[in-house]
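Morning, everyone. Have a look at the screen first.

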Amino acid sequence: TTRCRARRVRARAGSDVGARRLDGVGLAALAAAVDDPVRVARWRAKTVRVPGSGCRWWTGAVSGRGHGRFWIGGHVVIAHRFAWALTHGVQSLADIELLGHRCDNPLCQRIAPEHVVVSTARKNRQEWAVQRRLPYSPLADPRGPRRRARELRDLAREDPQLVADDLARLQELLGEQLTLW
């Protein structure tokens, strides 16, 4: 269809193909949610610390790509974008094309240089293409992003130590090798 061709053209040009940025109504809803202590507490209650991991793990709803989803009064926002708004303010999101996970953990809610950072669709795809081939990368997990995220989320809900144990099992399975380049 015409819509699909337009997406392919934008993809080749390096634009953010699938993302839907928040419009004025969405930004206003996000601003109200960030200012609401009850909603902020609800978001915080859906995150946990996992022993041995620098990430702040999401335990709420998960999207098809493994990212956290958070409902804010009729709108769904990607959970790490809510975390970004808490840290940097809602208005900062208006100019951000994409937030990337340097830790390669789509469940991560930690806003820090080693974790969730400002990126672009092109840069994110380039980093993904390299990282998915590294044997120790979370992107190399044979479960795929959605299943991995759901299984780890479920383990984190039960006991964060179970996530640490599963990550250790995966590292043992895939190894931790240095790249050749």
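We start with a definition: a salt bridge is a side-chain nitrogen of Lys or Arg within 4 Å of a carboxyl oxygen of Asp or Glu. Side chains of opposite charge can pair when their charged atoms come close.

Now the ground rules. This is a predicted model, where local features need pLDDT of at least 70, side-chain atom pairs count only at pLDDT 80 or more, and totals for chains, interfaces and linings use all residues. Residues are numbered from 1 along each chain as its sequence is written, and side-chain values use heavy atoms, with hydrogens and water left out.

How many salt bridges does this rule give? The count is 9.

Take R143 and D166. Their closest N and O atoms are 2.8 Å apart, and they form a salt bridge. R143 sits in the loop between helix 6 (121-131) and helix 7 (144-158), and D166 sits in helix 8 (residues 160-174), so this pair ties together parts that are 23 residues apart in sequence. Helices here are DSSP runs of H or I, at least four residues, numbered from the N terminus.

Are R143 and D166 buried or exposed? Both are buried. Buried means under 20% relative accessible area, exposed means over 50%, and partly exposed is in between, with a 1.4 Å probe and protein chains only.

This pair also belongs to a network of salt bridges: R143, R147, E151, D166 and R169 are linked.

Next, R153 and D154. Their salt bridge is 2.9 Å, N to O. R153 is buried, at 11%. D154 is partly exposed, at 38%.

Last, D36 and R39. Their closest N and O atoms are 3.9 Å apart. D36 is partly exposed at 24%, and R39 is partly exposed at 23%.

Key. Helix = DSSP H or I, 4+ residues; strand = E, 2+ residues; numbered from the N terminus.
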